[in-house]
Amino acid sequence: TQPIDFRKGAHGLAALAQEVLGENPFSGTVIVYRSKRSDRVKILVWDTSGLVLVWKQLQQGSFRWPPIMDGVMTLSYVEFTALFDGLDWTRVQTTKGFPKPTVAV
């Protein structure tokens with residue numbers, strides 16, 4: 001929830017996830033870090049064969065972050081996709097599931 005030192009690489013961020021967040025960086029959980037100016041993000045995820053680090057900087061504006069609840073920010077897949085695209089994630093709606101068809105007798 002706090003900005004991080006953007007000089008850290010994948011292994012430094014994995015250690016930070018484990019020590020500060022108490023999160024296992026090798027569990028497949030997507031961990032998103034933000035810069036102080038909120039115009040850059042680093043995303044760390046384990047894909048079963050190695051750590052993947054994605055770095056993105058917006059050319060204009062800044063990322064809009066969700067509120068912090070119990071020390072964690074949580075986004076749905078659709079909200080995260082909007083955030084990563086630099087959009088206002090509060091303006092997107094998570095798709096609702098389709099009802100399962102019933103078997104005709």
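**Hairpins and cores**

In the hairpin formed by β2 and β3, with four residues between the strands, threonine 48 takes a positive phi near 80°. Helices (H or I, at least four residues) and strands (E, at least two) are DSSP runs here, numbered from the N terminus. The model is a predicted one, so to speak of local features takes pLDDT of at least 70, side-chain atom pairs count only at pLDDT 80 or more, and totals for chains, interfaces and linings use all residues. Residue numbers start from 1 along each chain as its sequence is written, and side-chain values use heavy atoms, with hydrogens and water left out.

Strands β2 and β3 (residues 51–57) run antiparallel and share seven bridges; two strands count as paired if DSSP finds at least two bridges between them. Leucine 44 has leucine 53 as its bridge partner in β3. On the β1 side, four bridges join β1 to β2, again antiparallel, and isoleucine 31 is partnered with leucine 44. The hairpin of β1 and β2 has five residues between the strands, and there serine 38 takes a positive phi near 60°.

The largest nonpolar core has ten residues, among them Leu13, Ile31 and Leu44. Such a core is a set of buried Ala, Val, Leu, Ile, Met, Phe, Trp, Tyr and Cys residues joined through side-chain atoms within 4.5 Å. Its largest share, five residues, comes from α1.

Methods. Buried means under 20% relative accessible area, exposed over 50%, partly exposed in between (1.4 Å probe, protein chains only).
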